[in-house]
Amino acid sequence: MFQIYCPYCEELREEEEFHPKGQAHIVRPANPEACSDEEWGDYLFFRDNPRGIHHELWVHAVGCRKFFNVTRHTVSYAILETYKIGEQPSVTAEPAVSESTTSTDDVRQGVRA
Ligand SMILES: [Zn+2]
């Protein structure tokens, strides 16, 4: 069991009070009518799944009920920072590790391209 810092309550709370809601910083296309099917499908369905730094949307469900962002390392599960909606992360993606550039990454990139 661990604790997460809520940037709105400004205190550490038990993780059971929070729920992850997926990738953060997904921008809705300004003009959906002008999107191709591929662009709209990418916005709706495709999310990053990095091995390393990931910015996620969480909600303090059993607390202030506000949404905020979390920067988390997907391998160690370490939460590196939390910040309010509208703010930018101070921890950004780390350089790619050579072992992560495998053929499966190339295949996934090829599918989306
Ligand atoms: Zn809160």
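The following dialogue explains some terms applied to this predicted model.

Visitor: Why does Phe 46 count as partly exposed?

Guide: Buried means under 20% relative accessible area and exposed means over 50%, with partly exposed in between. Phe 46 has a relative accessibility of 42%, so it counts as partly exposed. Phe 46 is found in the loop between α1 (37-45) and β4 (53-59).

Visitor: What makes Leu 44, Phe 45 and Phe 46 a patch?

Guide: Patches are made of residues with over 30% relative accessible area and no salt bridge, and nonpolar side chains are joined within 5 Å. Leu 44, Phe 45 and Phe 46 form such a nonpolar patch on the surface, and together they have about 330 Å² of accessible area.

Visitor: Why are β4 and β5 called a pair of strands?

Guide: Two strands pair if there are at least two bridges between them. Seven bridges join β4 to β5, so the two are paired, and they run antiparallel. Leu 57 stands opposite Asn 69 in β5.

Visitor: Why do β3 (19-23) and β6 stand at the edges?

Guide: The open sheet has four strands in the order β3-β4-β5-β6, with antiparallel pairing. Each of β3 and β6 has a single partner strand, so one side of each is left without a neighbour in the sheet.

Technical notes:
Residues are numbered from 1 along each chain as its sequence is written. This is a predicted model: local features need pLDDT of at least 70, side-chain atom pairs count only at pLDDT 80 or more; totals for chains, interfaces and linings use all residues. Side-chain values use heavy atoms; hydrogens and water are left out. Patches are made of residues with over 30% relative accessible area and no salt bridge: like charges are joined within 9 Å, nonpolar side chains (Val, Leu, Ile, Met, Phe, Trp, Tyr) within 5 Å. Accessible areas come from the Shrake-Rupley method with a 1.4 Å probe; for residues, only the protein chains shown count as cover. A salt bridge is a side-chain nitrogen of Lys or Arg within 4 Å of a carboxyl oxygen of Asp or Glu. Buried means under 20% relative accessible area, exposed over 50%, partly exposed in between (1.4 Å probe, protein chains only).
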